[in-house]
Amino acid sequence: ETHVLSESYRFAGTVDCIGWVSFNSSHRVKVLIDWKSSKSIFDHHFLQIAAYFFAYEEMTGDRLDGACVVRFRDGRSEHSCLQREDLERLFSVFLSALNIYRWKYE
């Protein structure tokens with residue numbers, strides 16, 4: 001677990017894990033992983049990992065290949081992983097939501 005901060009966009013959060021995932025036996029990629037215990041993997045989880053993904057890269061200068069949400073509940077697990085291109089689109093949506101939040105509450 002590590003804290004991330006985007007000074008460029010002024011938000012912060014906590015990343016659960018940075019690790020390597022194999023999508024096939026010969027290709028490993030470095031990903032951000034966020035653990036969840038919710039009833040399902042929800043859309044807002046993807047906005048969150050997109051934000052953390054780019055904040056982590058901004059802070060560390062370390063390039064990641066993707067991000068995964070991994071849900072554990074009632075003895076079962078499921079996961080969903082996204083590649084950089086998907087995370088770029090979701091980050092744009094996150095920034096729009098962040099701007100709306102700031103317009104309303106700041």
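Select Glu 1 to begin: this residue is exposed, with a relative accessible area of 75%, where exposed means over 50%, buried under 20% and partly exposed in between (1.4 Å probe, protein chains only). The structure is a predicted model, in which local features need pLDDT of at least 70 and side-chain atom pairs count only at pLDDT 80 or more, while totals for chains, interfaces and linings use all residues. Residues are numbered from 1 along each chain as its sequence is written, and side-chain values use heavy atoms, with hydrogens and water left out.

Glu 1 belongs to the segment before S1. Display its contacts (heavy atoms within 4.5 Å): leaving aside residues up to four places away in sequence, Glu 1 touches Thr 14, Val 15 and Asp 16. Next, draw a distance from Glu 1 to Ile 33; the two are 32 residues apart along the chain, and their C-alpha atoms are separated by 9.9 Å.

**The whole chain**

Zoom out and colour by secondary structure, with helices (H or I, at least four residues) and strands (E, at least two) taken as DSSP runs and numbered from the N terminus. The protein has 2 helices and 6 strands, and their order along the sequence is β-β-β-β-α-β-β-α. The radius of gyration is 14 Å, close to the 13 Å that the globule rule gives for 106 residues, so the protein is as compact as a globular protein of that length. That radius is taken over C-alpha atoms, and the rule is 2.2 Å times the number of residues to the power 0.38. Along the principal axes, the C-alpha atoms fill a box of roughly 45 × 35 × 25 Å.

Switch to a surface view. The protein exposes about 6,800 Å², of which carbon and sulfur atoms supply 49%; accessible areas come from the Shrake-Rupley method with a 1.4 Å probe, and for residues only the protein chains shown count as cover. Of the 106 residues, 41% count as buried. Among contacts with a separation of 6 or more, 53% join residues 24 or more positions apart.

Colour the charges next. There are 13 positive and 15 negative side chains, and the centres of the two sets lie 5 Å apart. Lys and Arg count as positive and Asp and Glu as negative, with His and the chain ends not counted; each charge is placed at NZ of Lys, CZ of Arg, CG of Asp or CD of Glu.

**Aromatic pairs**

Select Phe, Tyr and Trp. A search of the whole structure finds 8 aromatic pairs. Rings (for Trp, the six-membered ring) pair if their centres lie within 6.5 Å; planes under 30 degrees apart count as stacked, over 60 as edge-to-face and the rest as tilted.

Trp 35 and Phe 72 form a tilted pair, 5.7 Å centre to centre with 50° between the planes. Trp 35 lies in strand S4 (residues 27-36) and Phe 72 in strand S5 (residues 66-73), so the pair ties together parts that are 37 residues apart in sequence. Trp 35 is partly exposed at 39% relative accessibility, and Phe 72 is partly exposed at 43%.

Tyr 101 and Tyr 105 have ring centres 4.9 Å apart and planes at 40°, so this pair is tilted. Both residues lie in helix H2 (residues 84-105), 4 residues apart, about one turn of the helix. Tyr 101 is partly exposed at 48%, whereas Tyr 105 is exposed at 54%.

Now select Tyr 9, Phe 11, Phe 53, Phe 54, Phe 91 and Phe 94, which form one aromatic cluster. Centre the view on Phe 91, a residue of helix H2 that is buried at 9% relative accessibility. Beyond residues up to four places away in sequence, Phe 91 touches Tyr 9, Phe 11, Ala 50, Ala 51 and Phe 54. Phe 91 and Phe 46 are 45 residues apart in sequence and 9.0 Å apart in space, C-alpha to C-alpha.

Follow helix H2 to Arg 102, which is buried with a relative accessible area of 13%. With the same exclusion of residues up to four places away, Arg 102 touches Tyr 9, Arg 10 and Phe 11.

**Two loop residues**

Step from there to Arg 10, in the loop between strand S1 (2-6) and strand S2 (11-15). Arg 10 is exposed at 53% relative accessibility and has a positive phi of about 60° although it is not a glycine.

Finish at Asp 74, in the loop between S5 and strand S6 (76-83). Asp 74 is exposed at 70% relative accessibility, and its phi is near 55°, a positive value in a residue other than glycine.
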